[in-house]
Amino acid sequence: MNAHAPRTPHRHTHSDEMLRAELAELLPPPPVPELAPDRDRDLRHTVMRTALADSGGHPVTRPSRARRGPAGLRLGWIAAPVAACAVVAGVAVFAPRDTPAGPPGTGRASAGQPASSGAVQVLTRAALAAAAAPAPDARPDGYVYVKSLVAHAGRDAAGGSATLPPAHQREVWLSADGSRPGLLREPGSADTPLGAPLPVYELDHRGATPRRSTLGAEPPSVMNPTHAYVAALPTDPEALLRLIRAETRRAGSDPDQRAFTAIGTLLAETWAPPEVTAALYEAAARIPGVTVLPSAKDAAGREGVAVARTAHGEQTQWIFDRTTSAFLGERTVLTGTTSAGRAGTVLGVSAVLAKAGVGAPGEVPGAPRA
C-alpha cells in the first residue's frame, strides 16, 4: 500500500558472507536464489529473511544492524511485511540498477532541468480535476480500500532477461487512523496483515545468542502512510515537496526521483482529500526532469497521456485519462539495454480500479454484509 521506527543500535558490522553463515547455523534455509550483483545490500538481507519466513513457518532472523529499507516504494506498492515480498518459486522480483548500454545520457534525467511545459500542463489539469473530486468517505475508525491490477517483472535465479507476468488483482485495506493492522490480498497468496508486529530474532554480533523481538509497525510517514496522515499533508505544493524530500531521504541518493516515486505511490495506494491530491500534482510539476508522453497504457489496457521521469536507467510513467485527467496507473520501463533486457522492456505496470471507505479489512465495497 511508506520517518521510520527507531533503528536498533549498531553493534557489529555484518558482511553478506557472515550473515549467511549465521543464518545457516540458526535456521537452515531452503535454497535461496542469488540476486544480481548490482542489487543493493539491504535487499539481499530482505531476500534471506523472506526465504526463512516462508520456509515452513520459521521465525524471521535479522542482524541487529540491518536496515529496514523502503520495500514498498516502487510502482504503487504500500510497504508490506518482509515475508510478503521478494522471492517466490525461485524467481526474484526485479529492480535493475545496472548502467544501461546505449548513448550517453539515456539512463538519467538531466540534473536541474525543469519539468517540461507539456508535463506541467498535464499535471495542472490533473490538479484541477482532483480539486473538484468528491472527498473520501472513510471514517476514522474504518478502512481505506484500494483495488488495482499490478504486474512486476521477475528474473530467474539463473539470470536472463526480466519477464513481465500477466497483471493480477491486488486489494489493500489500510486502517484510516493507523491504529489497527491493515490487509493485503493477492490471488494465490495467503492474506497478509499490514502494520502488524512480526516475530523476529536479533543477533548482536557473530556467534551471539539470538534474542526474540518483533518487527513492529512504523509511525505514519510519506513512506508508511495512513489515511489520517495523508489527509493532514500540507496543501501548499512547495511545503509538500520539501516534506516529501525530507521523509524519503533514506530511499536513495536522487532526491528528485525519490520525490517522484513517493508521490506516485501516494496517488496509487492512498485516498487523499481533494486539496491534498491537487497539491501532490502541483508538487510533481516542480520536480526537475519530468516530461510528457503522448500515449501510454496502464495494466487494464486503458490508454491515456502520461508524465514521466527517467533516472538510473528506468522511466517511471504516470498515466492519466485524456478526458477527465483522472490518474489511471503507472508503468516503468527500461530506457537502455541492461542485464534485465533491452530498452523498452516493461518492468512493472499498474492500474487503479477502485477506492472506497469500508468498515473492516476484507470488506469489499458494494458487497452485501453478513
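Trainee: Which residue takes a positive phi in the hairpin of β13 and β14?

Mentor: In that hairpin, S325 has a positive phi near 65°, and 6 residues lie between the strands. The model is predicted, so local features need pLDDT of at least 70, side-chain atom pairs count only at pLDDT 80 or more, and totals for chains, interfaces and linings use all residues. Residues are numbered from 1 along each chain as its sequence is written, and side-chain values use heavy atoms, without hydrogens and water.

Trainee: How are strands and their pairing defined?

Mentor: Strands are DSSP runs (E, at least two residues), numbered from the N terminus; two of them pair if DSSP finds at least two bridges between them. Here β13 (residues 314–320) and β14 (residues 327–334) are antiparallel, with 7 bridges, and Q315 stands opposite V333.

Trainee: How many residues lie between β12 and β13 in their hairpin?

Mentor: There are 2 residues between them, and H312 in the turn has a positive phi of about 55°.

Trainee: Where do the side chains of a strand point?

Mentor: In a regular strand they alternate between the two faces of the sheet. From β13, E314, T316, W318 and F320 point one way, while Q315, Q317 and I319 point the other way.

Trainee: What is the strand order in the open sheet?

Mentor: The 9 strands follow the order β8-β7-β6-β4-β15-β14-β13-β12-β11, with antiparallel pairing. β8 (192–194) and β11 (291–297) stand at the edges; each has a single partner strand, so one side of each lacks a neighbour in the sheet.

Notes
Helices (H or I, at least four residues) and strands (E, at least two) are DSSP runs, numbered from the N terminus. Buried means under 20% relative accessible area, exposed over 50%, partly exposed in between (1.4 Å probe, protein chains only).
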